[in-house]
Every structure is written in C-alpha cells, then in structure tokens.
Amino acid sequence: MSAQSKTRRITAPEIRARKGGEPVVCLTAYDAPMARLLDPHCDLLLVGDSVGMVVHGLDSTIGVTLEMMILHGQAVMRGAKRALVAVDMPFGSYERSPQQAFDNAARIMSETGCQAIKIESGTYAAETIDFMAQRSIPVIGHIGLRPQAALAEGGFKAKGRTDVERQRVIDEAAATADAGAFAIVIEGVAEDLAREITQTVSVPTIGIGASAACDGQILVTPDMLGVFEWTPKFVKRYDNMAERTDAAVALYAQEVRNRSFPAGEQVYNLVRKDG
Ligand code: KIV
C-alpha cells in the first residue's frame, strides 16, 4: 500500500453531495501546524488569497502571486490529512482566458496536491469555470463581495443593497453553478439574498458574512481566533489570541530579564536523566 492511499480525504463530489444536508464546516489555513489543528474539525480548508493580508501584511489581495499560493498550499497539504484542501487562484492568474486559468490551476494542483481551486466568479467567469470543470479541475466559485474587485469597486462593501446589485449576485450564482462549480462561496450579502440563492442553486453555498441560510460556513481563521484588533463586524471571535499571546510573551520576557530559567526543565536535570 502506498503512503498516499492510507489517507482518506474528503472529495469534491462528497462536498457537492452535502447540498441541503449536514452543513459544510470550512476555515482558511495558510501553514502546516495550523492546518494540522484545524483538520479534525473541518470538511474543507481553503488556502485563501487572504494570506496576503493576514500573513504577509498587504492592504489587499491584489499583490498575492501564484508562487505564494503554491508555497502556502504545499504547507497546508503537509498539515491536513482529512479535509479537502482548496487553493485560491490569485488576481491576474485566471481572468485573461480559460486557457490561462486551466494552465495555472493545473500548476497549483500538481505542485501542491490540493483537491480543488477557487476563483472569484463574476458572470464573466462562467466560460472559464466550464473550461476547467470539463477538464477535471474541481472548481469552487466566489460571488457577492469579491475581494479582488475591491479596488475597482471602491472598497470591501456588502453586496445586494439595490435591486440591480441583487440581481447581479443572483446571476453570478446561477452562472457559477451552471458552469460546473461544485460549491459557491457567498460573501457579504444579506440573509434573504443568501437564502434565495441557496434555495435556487444546485450546489452547496458556503457563507462568509452571508448568514446561517447557507449550506456551510467559512471564516478567515486569524479573524475568528482574535489575532487582530479589528475584524469585520460579522465575525464572531472564538478566542482572543492577541491578548493571550501578549500575556505569554510578556511573562517570557519578564523571566528572561529576571534570569529565572525560561525552559520547562533545567537542562542539567535532563542531561542527568538521559545520561
Ligand atoms: O481568501 C479568502 O480567505 C477567502 C475567504 C474570504 C472565503 O476567499
């Protein structure tokens, strides 16, 4: 038996089959140790291009490169053994043509071993999703608030406030599902719109700031763990890692300054035991 066949990962068809059933639990992941911690609890881990903002300190996701996504994708694949791992395609890596998208998606999949890719899917992306899905690339779409469009749209704004905008999000959902995506992330829309889309499309909807009306949920992990002072209003903080890290590091610094030995056990004792 090969090392690979011992691990049973959740597949894209299994996520697809969860439509209207048990909610799909998703979080973002960017490195191996955190992926290992999230894996037992999650059905899907997304190596989001939010990595640019929450790990690399960029102001938006626009500066994220294919190489960054591949590097973080490889790390997450080493840490996660059970969850489906999807990797985001960064800005500029899929919009030019279906062929460009296929080439870069194939590169991400072969260099990371991930099970799926995600693209932000305005209606223009339907042809690209169809092209990739027909060629065996499992695709997740992303509609509503599309972070890669934030500069063009004047910021990270909720979508569907006007009738025209509402219809645009409904059209994005239909185009994404009809083109062959196996799931759709819906970001930053009101509950009634998320519910209408979820009841209409044939694939699971994964909400972020889009209410519990969706078939599953995703959050940016450092946001829900309380790593940052500011998080979007819709995010529930399940921990306060910023404060706890500050307290732990302050204690360590105090112990070093007091010359109280900062290791768990004196090296001398360890040497004596082992020797
Ligand atoms: O990049 C990301 O983390 C995402 C989530 C917001 C879904 O796309």
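**Around the ligand**

A: Let's start with D49: an N or O atom in its side chain sits 3.0 Å from an oxygen atom of the ligand. Bear in mind that this is a predicted model, where local features need pLDDT of at least 70 and side-chain atom pairs count only at pLDDT 80 or more, while totals for chains, interfaces and linings use all residues. Numbering runs from 1 along each chain as its sequence is written, and side-chain values use heavy atoms, with hydrogens and water left out. In total 13 residues are around the ligand, with G48, D49, S50, D88 and K118 coming nearest; being near takes a heavy atom within 4 Å.

Stepping back, the chain splits into domain 1 (12-239) and domain 2 (240-275), bounds that come from an automatic or database domain assignment. Their centres, over C-alpha atoms, are 40 Å apart. Five residues of domain 1 touch four of domain 2, contact meaning heavy atoms within 4.5 Å. Across that interface the rule finds one salt bridge (a Lys or Arg side-chain nitrogen within 4 Å of an Asp or Glu carboxyl oxygen). D239 and R244 form a salt bridge, with their closest N and O atoms 2.5 Å apart.

Methods: A polar contact is a pair of N or O atoms within 3.5 Å; within protein, one must be able to donate a hydrogen and the other to accept it, and residues adjacent in sequence count only if both atoms are side-chain atoms.
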